[in-house]
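Could you look this model over with me?

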Amino acid sequence: LHMNLPTMSYLQDRLLNTRTMSITIELLDSMLAPSPGNPAEAHYRTIPLHSRVRELTNLLTQLHGDNANNAGRCMLAAVLLRREVETIGGKQQLTGLAPSSAVSLMGEIANPLISLFLQKEVTQSRRQIGHIIAELSSSLSLVSVEDGKEWMKTVLNHIRPGCGEMDPMTFLLLGDIADRSPLTLWAVGSAASFSSLFSGSMELIQRSTCSLDQLEACMGALLQVGIAHEKAQRIMSSPSSSTDQMEQALMAQFDERSTTVDVTKPSAIIGKHFLPTLLEALTVFGKSLLPNQIDVMSKCMSHLSTCSIQCPSMLAGDDTSLTCLLRTCMKFAQLNSQGDEDITFLKLSALDVLATITSVPQIKRSILKPIGTSPRCVMQGGASEKAPLLNFLIQGNEDNNLDQKGVLYVCAELAITGVDEDEENWSEDPASVYDTESSWEDDHTALHAESLLETFVLNLGGASTLQSIFQLVDILLASPSWQDQRAVLSILERCLAAAPATFVPHVGSTVDVALRLIQSSSKRVQYQALQLLGALCCANTVEGEEQHAATQPILVRENYGDKILEAIAHLIQSPCTKVASHACLTVVSYCRGGNGQVDCMIPIEEGLIVPFIGTLLEALKVPLSVDMSQQVVSQGSLTVLIRAIGATACLADASGEAFLPHYGIMGGLKATMKACPNVRTHEMAMLRGAAIEAASIVGQAVAGPEGGQVSFYANDASEIMEFATSLLSSGHTDVVPMDQLFAACARIAAVMKSQYVPFMSSILPHILKRATEKLEVSITDSEDSSNKSSSEDDDGGYSINIPGMGVKKIKINTTQLEEKANSARAIYEHARSLGKDFGPYAEASADAFLPLLHNEYSGDVRSTSAQALCQIFKAACLSASAGSGAQALPQNMLPVLAKALAKQLSQESEEDELENRFAIADALSEVLYDAFTHKDANGMRIAQ
């Protein structure tokens, strides 16, 4: 292909001698200003693919000479041609072109496109032409591997001069090719050839004769070449790798995190050759950074961050490369932002690189390794230091005598300065049920910095970092500033999450700090103190690994429960709805057990909550007394009310039958459940849903685990069920969220047992309808014209460049998936609660959930359906054993269920969640066990 490419004049002659041109300038103008119905677009689609490709190339050639006056036309023609070139790489049944014809067609336009790209004086559409060349490289490789390789050699040969001159557009083209065709690029390239390609650029960089824009483009291309090798190796070495070119190209578009460093990889070799030079040049530019260069420098950090995720070998091929990377990023992290948002973003970008690279296990070990094997070019001298690289990250300088200015300090600094300074406005903003991107928009810098601090503690270890952090905490606690106090609380919470075991000795002092600062007059400090106390409750049984077995863990509730709940009760009544709402959530955290692992979300011992229920309910009366008769409730008050109802439910759940003296609250819950039925807003629906769920939880709690006090609840349970069935029969499914309604019904079934059966005929059809509803999945053309291989859209769709088809938007209704999983949970609870009384509904339920066992879009749907099916089978066996159900049903279900569960278990891949595989295996075990144990009156097994 590279020896027999048609010339520009040949293509022009061929096209200009054509009798008629279907794609004209007038057609482009019509497409740029579409009229109703888009007749121009419709006409364009009637033109054969091969004609569209040839004529668009010809138009680009004509318009390119006068690009300044035809910028819009050139851009449209280039975008259209790029999409057509994407299509050419598809299967013959999609394109209508035989492989030989597709190769020939791409051969016709290849050389003219390269010629257009090499005309550097015309820049307006040059970037788009580069995109076309990158797509051409991908499509040609899909149709003919060998021709694709030859074309790749041709392109690399043509762009060599541009790389030597550090032409940014050439580097962008190389980066696009590496992104779109990693397999082909590395099939013809090697570490030596790419080193040669970039050698001229390195000479210019070393002579300091390049601009920052050129340096950024060079770095982006070089790192993308390394990432391309990582992708190509991943695909080719994968045991499950397909030999189909189309599938391989699709797999190459997905970014995956690499957690290993291999110094023998070509990417590591290239990195060792060039990375120190690039980083040193970045540092030089950083010494006198101009305002218009900050964004460019942030792009450099973004390139390094992406590479640290996908190809850490390139950044840490040896100690010198790693050291240069740490030093350079530290320099930019330590810049004085002075309130400049762009510099702050640059600092965060540099910290992102450091946080990501230190998460790689091999690099982490390199940073923590002892002095005898550590590079000493970071910490001059440092003979007494155990880990120079670690100390450098924490100290941030090369002199141990100076105050620390390392990553922890910078993160803490940004956590203070990056928070919204308008506390009054923050306090007046109403609380919302769901946090959105805009909820904490003015705190995004602080939140980002706090997240990075947590990552550093996790990566570097609590033993290495907590001492330095507590030094910072002591300094900040001496300050009266609410920003400093809020930051302290947030930093402590992050450290607790990142290093819970190492944090154990500091739990007592941390609780003391939280209880002291929760009395602050600052609403923001109160909020953060509540957040920390909630986190401590969820982690209060964590024991340090270094502790002796006889050492008692520091238990937050046992030692501080009365003081914590007193502070919470006070803030539940806060006039600031954000604080009051969060106080209610902290009650929930207190009522749930937790070390974040074994007993998380399990109710705590009754003795830790029962003595305080009266005080808390007295405080909760304030938000619970909102007047619902007015039909209009403010957003903040509504949110607090929803949270207060949730807190009440948790108190009942944790205290069990001991909640009986407070059962009078049921009347208020039922009234709220029925409140304002004509107000169909999402918030009001959530309120009614919270009330009906809380009512079922309170009833289940007072009834007791054995149902000893069920008589107190029976009438209320019937009233709730009558309300539920009336909603379902009327079709008003927007009054209460259905998932909450079905969950409440399942709890009532668990308490009422056989008394619940009359309601099944009204409830079950609606649950099964959700399970059997056809899932909405759509694949449409995407309007995204960017060169990203894949991206998530704002409307929940996912755009991906499918080889041979172009950019497509894939949308799956995830709400439906959640509904199906919740329906499975509801059936599981109903079948488990009713036992043999569920028998008459077992066959219909099994028919509904058996197909969901093989749902390809959601592991959660598969696992919950498996669990539901095993309970359905158990109910069928119980019914048949009691002689009250179809005797043949368990026998008929057994082989179908066993085979389906076994088949799905074998199809679950290692990438799937372990919990999903366990749930399916557990369901299969339960089915076989029930088949073995359940017998009829004659002693014969019900199913065998």
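**Notes on packing and the pocket**

1. Start with the H38/H40 contact: Leu 764, Leu 768, Ala 771 and Thr 772 in H38 meet Ala 844, Ser 845, Ala 848 and Phe 849 in H40. Contact here means heavy atoms within 4.5 Å, and helices are DSSP runs (H or I, at least four residues) numbered from the N terminus. Those contact residues split into six nonpolar, two polar and no charged. Ala, Val, Leu, Ile, Met, Phe, Trp, Tyr, Cys and Pro count as nonpolar, Asp, Glu, Lys and Arg as charged, and the others, Gly among them, as polar.

2. A caveat on provenance: this is a predicted model, where local features need pLDDT of at least 70 and side-chain atom pairs count only at pLDDT 80 or more, while totals for chains, interfaces and linings use all residues. Residues are numbered from 1 along each chain as its sequence is written, and side-chain values use heavy atoms, with hydrogens and water left out.

3. On geometry, H38 (residues 760–772) and H40 (residues 842–849) pack at about 20°, axes 9 Å apart. The axes are lines fitted to C-alpha atoms over the stretch in contact, with angles running from 0 to 180 degrees between N-to-C directions. H38 is therefore roughly parallel to H40 (angles under 35 degrees count as such).

4. Now H16 (residues 294–310) and H19 (residues 341–357): they pack at an angle of about 15°, with axes 9 Å apart. That makes this pair roughly parallel too. The contact residues of H16 with H19 come out as eleven nonpolar, five polar and three charged.

5. Finally, the largest pocket has a volume of about 1200 Å³. A pocket is an open set of points on a 1 Å grid over the protein atoms alone, where a 1.4 Å probe fits, with protein on both sides within 12 Å along at least five of seven lines; lining residues have an atom within 4 Å of a point. Of its 36 lining residues, the closest to the centre are Arg 592, Ala 649, Glu 693, Ile 697 and Arg 747. H35 gives the most to the lining, with eight residues.

Terms used: Points joined across faces, edges and corners; volume = space filled by probe spheres on them. Helix = DSSP H or I, 4+ residues; strand = E, 2+ residues; numbered from the N terminus. Parallel < 35°, antiparallel > 145°, perpendicular 65-115°, else oblique.
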